[in-house]
Amino acid sequence: MTSKNKINEDLANERRKCNFNIEEVTYILDGGKEKTLQRKKIEDVALNGGASVDDIPEEYLSARERYENAIRKSCIYTNIVKNEVLEITGIENYGSPVLRRTGDAFFKDISPFMLHLGMFVPSIIGQCTAEQQATWLPRALDMKIIGAYAQTELGHGTFIRGLETTATYDPETEEFVLHSPTITSYKWWAGGLGRTANHCTVVAQLYTQGKCHGTHLFIVQIRDLETHMPLPGVKVGEIGPRMGFNTADNGFLGFNNYRIPRMNMMMKNAQVLKDGTYVKAARHGKLTYGTMVFVRVTLVGEASFNLAKAVTIAVRYSAVRRQSELRPGSIEPQILDYPTQQHKLFICIATAHAFQLTASWLWNTFTAVQAEMKKGNVDTLPELHALSSCLKALSTSDATAYIEQCRFACGGHGYMLSSNLPFLYAFVVATRTYEGDYTVLLLQTARFLVKAWEQAESGKVVTPTVAYLNRHFTTNGKMIWDNSPEGIIRVFQSVAAGKISLCVRSIRNRITSGMDHEDAWLMTTVQLVNAAEAHCRSVILHTYWNEIVRLTKHSSDNVKTVLNQLVMLYLTYWALERTGDLLRYSTISENDIDLLQRQYEELLVKIRPNAVGLVDAFDIRDEILQSTLGSYDGRVYERLMEEVQKNPLNKEPVDPSFHKYLKPLMKSKI
Ligand SMILES: CC/C=C\C/C=C\C/C=C\C/C=C\C/C=C\C/C=C\CCCCC(=O)SCCNC(=O)CCNC(=O)[C@H](O)C(C)(C)COP(=O)(O)OP(=O)(O)OC[C@H]1O[C@@H](n2cnc3c(N)ncnc32)[C@H](O)[C@@H]1OP(=O)(O)O
Ligand SMILES: Cc1cc2nc3c(=O)[nH]c(=O)nc-3n(C[C@H](O)[C@H](O)[C@H](O)COP(=O)(O)OP(=O)(O)OC[C@H]3O[C@@H](n4cnc5c(N)ncnc54)[C@H](O)[C@@H]3O)c2cc1C
């Protein structure tokens, strides 16, 4: 072994200590051995060319160079995917999470093609008729056209009904006229729109025969395919530097009476006939919001994956890093030996597991609802909307907080861009806002919960994810505390039921004292967000536990044990985080809380020897991690020094600014 690929001795020791079969855990997280093998095959094909390597790390480049470099690498990756990977996966897997994750080896920030595959293509699949799909989809998948998703405007992001862009049908020419009547109606934020896209999905208020029919989706060509010039009537550009997403060329877009053919309206759920007659085909009023539901579902997996990356970096670093002394004169311990460090990191491993298993479960729910909707049944959509909203909100918010915790866990070196932790944070913190802000989405779930509560109150049996509400009406008083996993979950469900019940009571009391329903709801929104968060927490705890029990049925004993320790850590951690709620809604005592705390500390000790094995089980290749601190070999200090050599500021021993500014300053007299 050369010194370049020699494994750091501490990390090698950690791997020797690991007592479970790492591959077995990887298979569970990936959804089965076949899926792991296919992922590895894709990674081998896509990454073995080393095409991702930048001579100069992208953070040293100017805005223009960074963008050009991102396009260059996107094209390399797209060609690999088109020519080699799709042969393995099949065209239907274009845009699958595996491709998205493999893509992370090419970009520290983000590909300008992300929104093309992440939202433009899904909007064609979800919102177009079969005939329209036949026109657009092959060209989009083949990258003959490149699209963005332009919904948000300068004046409105959350409130879609408030969007101002208009699409007015002209039966004379059988065209829609797109127009941006005000400055606030300019599209703003769409990824890939600023410089890259030549087409986009535009969300606009549809007018026909003098009547507005609300927001609908349109496919709009914005640039010439040969020259890439914006077409007449289109004003488009990049919105400027932001906290992250700096290679995603987020853009603005305005229209001046710009005409598109009638058939460019996405007509799966509603149509405008040649004469201008509006026909609504949809059985549910919000099917045009479907692309957002799809992305919210995928974001739970994104949260898990990005957190898995962060904690892989932080745990490996913590095994390599030695600091302070436990006793005078003793050898400096690995920082992973500090219980406070374990407290910061093990919850991140458990959370990545919880979100990954919840994401798979949510994906199955999503595909089941889609299948029902194909048959004309939309009854399960409200529950999916409520679930995807709160799970998107909580998973992105928790992942953001824990990625930052991983950075804190790496001390000063975590602040280096080369650790990749700042990039991960800047990318993930945006997910809390986009595709529906945290608070706004929890309030959507709260609407569903209040309705479910009313149904349960009237004796109706409610859907499985809120079935605990039926129990709430048949049991009296506080939930009996029970330290088993099922007991903790039951108590969390009682907390959710209790909070929803308080919300309903507050709304009713306010209405009784003279408020109208809207004001009573508004005044209760702080509690409603809290109740939706409690509900979502109980869903995650329940799903995580159920899935671990199901998936480890045939596992080896040691895998069963370590995955059980993790899920118990998760349940105990949240019980301790929510002792106030537990005291209010269950019979938990001071003594029970002391026991929980001891149980938590014992779990940290039990998990400690397997910590590196657990992050290895995420099986994230070094090319994808892109971190000086987190590589498999643990050559932390060597990599930090190697990275310094790439710094253009170190190219010359003396910077020109010395002669230009510093020296004259030093020579000048006071
Ligand atoms: C080379 C390539 C390299 C790599 C790439 C490789 C592969 C890539 C492949 C894949 C990518 C994978 C993943 C993608 C990952 C990341 C994507 C990256 C970036 C994404 C960027 C972000 C994009 C965006 O942000 S787009 C804009 C999103 N905007 C929003 O989310 C707006 C939020 N607001 C709303 O949703 C609504 O306005 C509202 C819900 C808040 C309110 O709506 P409205 O006022 O109309 O309704 P209400 O009156 O409140 O409610 C009425 C009833 O309707 C119900 N309702 C609401 N919404 C829905 C819904 N969606 N579905 C069902 N029902 C809904 C509501 O509950 C009410 O019901 P009730 O019964 O009356 O109570
Ligand atoms: C990196 C990034 C990429 C994006 N990409 C795209 C894209 O590709 N395409 C696209 O169309 N859009 C995109 N967006 C826009 C994104 O979807 C919106 O920013 C998001 O939906 C939030 O809307 P907003 O910015 O209008 O926030 P606002 O709605 O103005 O929110 C501001 C604050 O007001 C609060 N608030 C708003 N309404 C309510 C309410 N009813 N009740 C209580 N509180 C409320 C929110 O909680 C928040 O705290 C992107 C945004 C970012 C940051």
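This is a predicted model: local features need pLDDT of at least 70, side-chain atom pairs count only at pLDDT 80 or more; totals for chains, interfaces and linings use all residues.
Local features need pLDDT of at least 70 and side-chain atom pairs count only at pLDDT 80 or more, while totals for chains, interfaces and linings use all residues. Residues are numbered from 1 along each chain as its sequence is written, and chains are lettered from A and ligands numbered from 1 in the order in which they are written.

**Exercise 1.** State which domains the chain has and how they touch.

*Solution.* Step one: the assignment, automatic or from a database, gives domain 1 (1-30 + 288-642) and domain 2 (144-281). Step two: their C-alpha centres lie 37 Å apart. Step three: seven residues of domain 1 are in contact (C-beta atoms, placed from the backbone, within 7 Å) with nine residues of domain 2. Helix H11 (residues 421-431) gives the most to the domain 1 side, with three residues. Helices here are DSSP runs of H or I with at least four residues, strands are runs of E with at least two, and both are numbered from the N terminus.

**Exercise 2.** Describe how helix H14 (residues 485-512) and helix H16 (residues 525-551) pack.

*Solution.* Step one: two packed helices are described by the angle between their axes and the distance between the axes. Step two: for H14 and H16 the angle is about 160 degrees and the axes are 9 Å apart. Axes are lines fitted to C-alpha atoms over the stretch in contact, and angles run from 0 to 180 degrees between N-to-C directions. Step three: H14 and H16 are therefore roughly antiparallel, a term for angles over 145 degrees. Step four: among the residues making the contact are Phe492 and Leu502 of H14 and Leu541 and Trp545 of H16.

**Exercise 3.** Describe the surroundings of ligand 1.

*Solution.* Step one: the shell has 39 residues, and the closest include Gly103, Tyr289 and Gly436. Step three: domain 1 and domain 2 each give at least three residues.

Terms used: A residue is near a molecule or strand if its C-beta atom, placed from the backbone, lies within 6 Å of it. Angles under 35 degrees count as roughly parallel, over 145 as roughly antiparallel, 65 to 115 as roughly perpendicular and the rest as oblique. Two residues are in contact if their C-beta atoms, placed from the backbone, lie within 7 Å.
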